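Have the sequence and the model ready.

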Amino acid sequence: MRQLSRHALSATLAACVLALAGCATSGAPATVETRSTQELLDASTPEDWRTPDPANLLYMDVDGGRVVIELAPAFAPEHVANIRTLARGGFWNGLTLYRSQDNFVVQFGDITEDGAPGKPIGSARAKLPAEFDRASAGLAFHALPDPDGWAAQAGFADGFPAARDDRNGAGRAWLAHCYGTLGAGRDMAPDSSNGTELYIVTGQSPRQLDRNITTVGRVLQGMELLSVLPRGTGPLGFYEDPKQRTPIRRIRLASEAPANQRTPLQVLRTDTPLFDAVVESRRNRRDDWYVQPAGHIDLCNINVPVRTPPAS
């Protein structure tokens with residue numbers, strides 16, 4: 001039997017899973033069993049993974065550990081630029097996670113007892129435009145095979161769960177409110193966010209928020225530190241007792257951290273045949289426990305794998 005390179009084997013496995021049938025490669029068996037998600041990932045090649053840009057990574061350090069967040073400048077460039085400025089100025093250092101609403105979000109930033117202005121924001125901008133969506137033209141969008149209840153099409157762009165609508169010449173795309181999404185809290189006015197007050201989705205995906213709030217990124221690692229926070233008993237999950245708030249030791253850009261203090265991570269690319277196969281392995285589960293494959297998957301039920309880079 002001819003030898004297949006590891007990259008070719010990865011693509012072959014992906015094609016087999018997508019076809020859910022035999023493979024036609026020369027010398028390969030006529031039938032290949034369906035592979036699990038883990039088996040697919042085990043057969044991946046270095047080209048199937050990407051290393052996030054440190055300039056787009058935020059490290060939130062709390063008592064329990066570190067939350068790693070990837071920013072999305074392709075969707076909210078002005079908010080991301082302001083968040084970078086705020087992080088460089090140490091704006092969130094010493095502030096708190098002051099809200100934890102059950103099945104919804106945690107929120108952090110500068111909250112004061114009497115509503116008076118809090119920490120100065122330095123050279124960051126106090127006012128930004130709403131960045132609820134962007135033009136879909138020029139965006140590398142990898143669509144899912146199933147319809148989406150919230151948009152004309154759902155899929156991934158730059159590794160982020162996203163949606164788009166090109167009907168009627170609109171041509172708009174936006175980040176979806178999935179578990180782990182980072183958004184910029186706002187007041188009533190659409191342009192009343194500046195990135196100082198941020199929230200992270202910790203509950204069932206509130207897609208009704210799509211295109212109503214500027215979304216700026218998503219959590220890659222450390223969601224377990226946020227999802228277990230005690231729920232606030234005040235309205236909307238705000239903590240009534242300030243002592244219940246979770247202190248933020250520091251939020252900084254990975255690019256500002258010394259090399260020995262960075263968290264090495266790789267993220268599975270979402271524009272490859274392997275990723276299509278991973279989606280199919282979740283879309284139609286054929287593990288022995290499953291009786292009926294679903295034949296459908298929701299955008300927010302796809303967890304993009306993240307790993308520590310393997311030793312060379």
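Q: What kind of model is this?
A: This is a predicted model.

Q: Start with strand β2. How many of its six residues are buried?
A: Buried means under 20% relative accessible area. In β2, residues 57-62, six of the six residues are buried, so the strand is largely enclosed by the rest of the structure.

Q: Which residues of β2 point one way, and which the other way?
A: Leu 57, Tyr 59 and Asp 61 point one way. Leu 58, Met 60 and Val 62 point the other way. Residues on both sides are buried.

Q: In which sense do β2 and β3 pair?
A: Two strands pair if DSSP finds at least two bridges between them. Here β2 and β3 (residues 65-71) pair in the antiparallel sense, over six bridges. One partner of Leu 58 to look for is Ile 69 in β3. A hairpin of two residues joins β2 to β3.

Q: How many bridges join β2 to β14?
A: Five bridges join them, and the two strands run antiparallel. β14 covers residues 246-253. There, Ile 248 stands opposite Val 62.

Q: Now the loops. What is the phi of Asn 103?
A: Its phi is positive, about 60°, although Asn 103 is not a glycine. Find Asn 103 in the loop between β4 (96-100) and β5 (105-109). Its relative accessibility is 48%, so Asn 103 counts as partly exposed.

Q: Where does Arg 211 lie?
A: Look in the loop between β12 (198-201) and β13 (214-221). Arg 211 also has a positive phi, near 65°. With a relative accessible area of 32%, Arg 211 is partly exposed.

Methods:
Residues numbered from 1 in each chain as written. Predicted model: local features only at pLDDT ≥ 70, side-chain atom pairs only at ≥ 80, totals over all residues. Heavy atoms only, no water. Buried < 20%, exposed > 50% of the residue type's maximum accessible area, 1.4 Å probe, protein only. Helix = DSSP H or I, 4+ residues; strand = E, 2+ residues; numbered from the N terminus.
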